[in-house]
Amino acid sequence: MYWEQNCETMSRDELNGYQLRMLNQTIRRARKAPHYATALAKTPEKGLASLAELAGLPFTSKAELRSGFPYGFLAVAREEVVRLHSSSGTTGNPTVVYHTRGDIAEWENLIARCMYSTGVRRNDVFQNMMGYGLFTGGIGFHYGAERLGVMTIPIGPGNSKRQIWFLKHLQTTVIHILPSYALHLYTLFPETGVDPKKDLKLRIAFIGAEPHSEATRKKIEELYGIKAYDSYGLSEMCGPGVAFECLMQNGLHLWEDHFYPEVIDPSSGRVLPAGEEGELVLTTLKREAMPLIRYRTGDLTRLLPGDCPCGRTHRRIDRIKGRSDDMLIINGVNLFPIQIEKTLMAIPQIGHNYLIEIYKENYMDRLEVKVEINEEVFRGTLSELERLAARVTAELRAEIGVTPVVRLVEPSSLPVSEGKARRVIDRRNQG
Amino acid sequence: MGVQLAVFLENRPGKLESITKALAEAGVNIRGIAMASEGEFGVLKILADDPEKALRVLREHHCTVSRRTVVVAMIEDRPGGLHELLATLAAENINIEDCYGIALEEGHRAAVVLDVERFPEAEAVLRSHGLRLLSDRELTSL
């Protein structure tokens, strides 16, 4: 049941002592990075005397991470780095996160710990339906599953008929999938003649990368006749594997031997008492290439009070409720409205007003961007409009990593740009 | 030559009607009209008796309008009438981007609206082949 019993069940006193030791090591390492050499200049050389003193250190924001691009947060020599992962786009700067060989090994181990805790064993067959590449979701689970010793199918997302074929013919038992894609995929079974409950050996799904409700989890469990476990992570910490549900399914254990959690009031920055909802702030305790101190995740949640019957002592967070900033999560891909705005404004044929609408279509997120055409360059032909719509689609896809539905609209149909126009309408209700 | 207005339109019920309404209320007479659409949006081409007034009215209604100069050529309303005109342009390798016809008197006269590349040259070619081209004023009084 435990992948590393000592780590997972150590007493709170022991864990707190361990965290303080690791925190001070992290601060020492972090000072080697240009950003923290300045940001931690006032922190005493000998480190902190207690975990409570961490609240006196400055936060690290995503904006700082961006302005530190490319190497402002790197705390090791460049040749120690074996990999990077990155957010989408080139607007502003992407958030790039570096890993040493040691970081990768720790990350793999964390994923193996998560998977093992839900009952995955070496004789399972694991089909990884998350995106591979710069995104951490696919590769993170891939290496974690291999570390555990599970046969891994690196199929990636999409191509639903092939997914179903593999599920059936390789008798896949464990999947890693976006919750929205799990619901969408189910609707495609009838045309393949495969009955997910009779013809498959599926028993476990890891769902993550996008916020979802308890109702969605229940639905996935019922439709497929399996157990679904929520997975939480962010590339800045490593990727998936930061917090994970155990068999009890009552919140996500945040692996406190790797990350130190705080929950703050997003507007005042004040640390909130346990149980209160706010923004999750994380400090890495083991990361070598890019230690982060008090990183503001932007994710809204709370630390759940009480112990978990599973015996693990690491505190649990509630499922993610939303964002403290305007970041959008479209089918698991994170993006900011400003990326869309900057891309649109660089195209002379379109006007200044635009509107982003997000809705569900057959369980998947659809991102619709309405843009006005610029009358000054409108020549009055249909072909130029078709070319324009295709160009806007292509440029947005290149920037945000999501293919939008682009609609050219008449100027009067969009809100005017004076004042603070509402640019994003999210019609998805998380359910 | 004539002035054609091209209006960007979302393809939704009532869109076209809102434009004809605005023009009717302003007393603008539509002499020719054509529509090209692609599903979600389209371009409405209007030949009005008073193009400048029509342009003003449409802009007041927040329409995205483009003003283009087009050739309006008279042809006879009989088999081969249009073909003779197009043959002269083809012989000079002049490409037509857009084209639609308006019947003026059934079985007698018709006009063709041509959006062509190499505009002044196209006009000259047609004139040299004896075709009658209409001006804005003539369009109004037809």
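Modeller: Strand β7 of chain A and strand β8 (residues 239-245) of chain A pair in the antiparallel sense over four bridges. Two strands are taken to pair when DSSP finds at least two bridges between them. The strands themselves, labelled E and at least two residues long, and the helices, labelled H or I and at least four residues long, are DSSP runs numbered from the N terminus. All of this describes a predicted model, in which local features need pLDDT of at least 70 and side-chain atom pairs count only at pLDDT 80 or more, while totals for chains, interfaces and linings use all residues. Residues are numbered from 1 along each chain as its sequence is written, with chains lettered from A and ligands numbered from 1 in the order in which they are written.

The link from β7(A) to β8(A) is a hairpin of four residues. Strand β7(A) covers residues 227-234, and seven of its eight residues are buried, so the rest of the structure largely encloses this strand. A residue counts as buried if 20 or more other C-beta atoms lie within 10 Å of its own, as exposed if 12 or fewer do, and as partly exposed in between, with C-beta atoms placed from the backbone.

Strand β7(A) also pairs with strand β6 (residues 204-208) of chain A, here in the parallel sense and over five bridges. In that pairing, Ala205(A) stands opposite Ala228(A) of β7(A). Between β6(A) and β7(A) the chain passes through helix α10 (residues 214-224) of chain A, making a right-handed β-α-β crossover. Right-handed here means that, with the strands pointing away from the viewer, the path from the first strand over the helix to the second runs clockwise. Helix α10(A) lies across β6 and β7 of chain A and runs at about 135° to β7(A). Such angles run from 0 to 180 degrees between N-to-C directions, and the axes are lines fitted to C-alpha atoms, for helices over the stretch in contact. Two residues are in contact if their C-beta atoms, placed from the backbone, lie within 7 Å.

The strands named so far belong to an open sheet of nine strands with mixed pairing, in the order β4-β3-β5-β6-β7-β8-β9-β14-β13 of chain A. Its edge strands, β4 (151-153) and β13 (303-304) of chain A, each pair on one side only. Elsewhere in this sheet, strand β3 (residues 125-128) of chain A and strand β5 (residues 174-177) of chain A pair in the parallel sense over three bridges. There, Phe126(A) has Val174(A) of β5(A) as its bridge partner.

Turning to the chain as a whole, chain A is divided into domain 1 (5-324) and domain 2 (333-426), bounds that come from an automatic or database domain assignment. The centres of these two domains of chain A, taken over C-alpha atoms, are separated by 32 Å. Contacts between them involve 10 residues of domain 1 and 14 residues of domain 2 of chain A. On the side of domain 1 of chain A that touches domain 2, two residues are nonpolar, eight are polar and none is charged. In this grouping Ala, Val, Leu, Ile, Met, Phe, Trp, Tyr, Cys and Pro are nonpolar, Asp, Glu, Lys and Arg are charged, and the others, Gly among them, are polar.

Chain A has a further open sheet, of four strands in the order β20-β19-β18-β21, with mixed pairing. Strands β20 and β21 (424-426) of chain A are at its edges with a single partner strand each, so each has one side without a neighbour in the sheet. From one strand to the next, the twist averages 20°. Strand β19 (residues 364-373) of chain A pairs with β20(A) in the parallel sense over five bridges, and the bridge partner of Lys370(A) is Arg407(A) in β20(A). Helix α11 (residues 337-345) of chain A lies across β18 (350-361), β19 and β21 of chain A, at about 140° to β18(A).

Finally, 15 residues of chain A are in contact with 16 residues of chain B. To the side of chain A that touches chain B, α12 (382-400) and β20 (405-409) of chain A each supply at least two residues. That side of chain A has seven nonpolar, three polar and five charged residues.
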